[in-house]
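Hi everyone, thanks for coming. Let me put the sequence and the structure up on the screen, and then we can walk through them together.

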Amino acid sequence: MGGTPQPDRRGAVGNNRGAVTGSRREQILDAAADLFARKGFHGVPIDEIGAAVGITGPALYRHFAGKEAILAEMLVGISEQLLAGAQAQLGEDDGGSADPADPADPADPATQDPHHRAGLGPARATAVLIALVDRHIEFALDHPALITIQLRDLDALPAQDLATVRRLQRAYVGIWADLIRAARGGPPARTDDPYEATAMAHAAFGLLNSTPHSARLGPAATARLLHRMALRALLAPDPPVPD
């Protein structure tokens, strides 16, 4: 390897440029996130991103290959962060034995997901799911600009990065869906259908990702509200169907 820093797969300069470059990269990502959220990815020229951090547009190419590389680092990064957090939470809370009152029934389709096979019954699954709800709320409150960009500009990603984000998102949704099925593994809130559990997970994300529209309520009040609403939606028994 020569002395020239090697770009990573999204065009960012390698770490051997030191802490100053790392700090500048973070500044660029923060500035670009604010601009993309306010104006849209296609409405922000590269020179405007550079000006926001006090460098010229061409100088920005020392850190990223272009706007697409900046967007990719943002959106692949948040997908990796959310999935890693969910996997860590599951690992932390999935080491105990099955709930004594809820042994897994191998004949029951609701016990065939991997978390049930690991001994994750309704009580433990509920605890993990609550932790994931709170973790997602914290992320959404801390990064409303990234939520906006994810919802609006995802399709602007290069094909390879878009495929990576989709793969990471499927894994994240899968963990939630498995936990929903396990948490609702018995009466009165039973959910056996994996497609229904997946739809419930997506609906919960729609609620939790509403933080860009909640600025007037304040972070603490928003967190309490979203926590309460999400858990009622995910864990409460279904209302009776009218005759």
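Before we start counting, a word on terms: helices (H or I, at least four residues) and strands (E, at least two) are DSSP runs, numbered from the N terminus. With that in hand, the elements of the protein chain read α-α-α-α-α-α-α-α-α-α from the N terminus on. In other words, there are 10 helices and zero strands in the protein chain.

Please keep in mind that this is a predicted model, where local features need pLDDT of at least 70 and side-chain atom pairs count only at pLDDT 80 or more, while totals for chains, interfaces and linings use all residues. Residues are numbered from 1 along each chain as its sequence is written, and side-chain values use heavy atoms, with hydrogens and water left out.

How much of the protein chain is buried? I call a residue buried under 20% relative accessible area, exposed over 50%, and partly exposed in between, using a 1.4 Å probe and protein chains only. Buried residues account for 46% of the 243 residues. As for contacts, meaning heavy atoms within 4.5 Å, take those in the protein chain with a separation of 6 or more: 71% of them come from residues 24 or more positions apart.

Asp 34 lies in helix H1 (residues 19-39) and is partly exposed, at 38% relative accessible area. Its C-alpha is 9.5 Å from that of Pro 144, although 110 residues separate Asp 34 and Pro 144 in sequence. Ile 78, in helix H4 (residues 67-93), is buried at 6%. Setting aside neighbours within four places in sequence, Ile 78 touches Phe 139, Leu 146 and Gln 150.

Now the aromatics. Rings of Phe, Tyr and Trp (its six-membered ring) pair if their centres lie within 6.5 Å; planes under 30 degrees apart are stacked, over 60 edge-to-face, and the rest tilted. That rule gives four aromatic pairs. One of them is Phe 36 with Phe 41: the ring centres are 5.2 Å apart and the planes meet at 70°, so this pair is edge-to-face. Phe 36 is buried at 0%, and Phe 41 is buried too, at 2%.

Why is the pair of Tyr 172 and Phe 205 stacked? Because the ring planes of Tyr 172 and Phe 205 are at 10°, with centres 5.4 Å apart. This pair joins distant parts of the chain, since Tyr 172 is in helix H8 (residues 159-183) and Phe 205 in helix H9 (residues 194-208), 33 residues apart. Tyr 172 and Phe 205 are both buried, and together with Trp 176 they make up one aromatic cluster.

Back at Phe 41, the charged end of Lys 67 sits over the ring, 4.3 Å from its centre; the rule is NZ of Lys or CZ of Arg within 6 Å of the ring centre and within 35 degrees of the ring normal.

Finally, helix packing. H9 and helix H10 (residues 219-235) pack at about 165°, with axes 10 Å apart. H9 is therefore roughly antiparallel to H10. Residues making this contact include Met 200 and Leu 207 of H9, and Leu 226 and Met 229 of H10. The axes are lines fitted to C-alpha atoms, for helices over the stretch in contact, and angles run from 0 to 180 degrees between N-to-C directions. Angles under 35 degrees count as roughly parallel, over 145 as roughly antiparallel, 65 to 115 as roughly perpendicular, and the rest as oblique.
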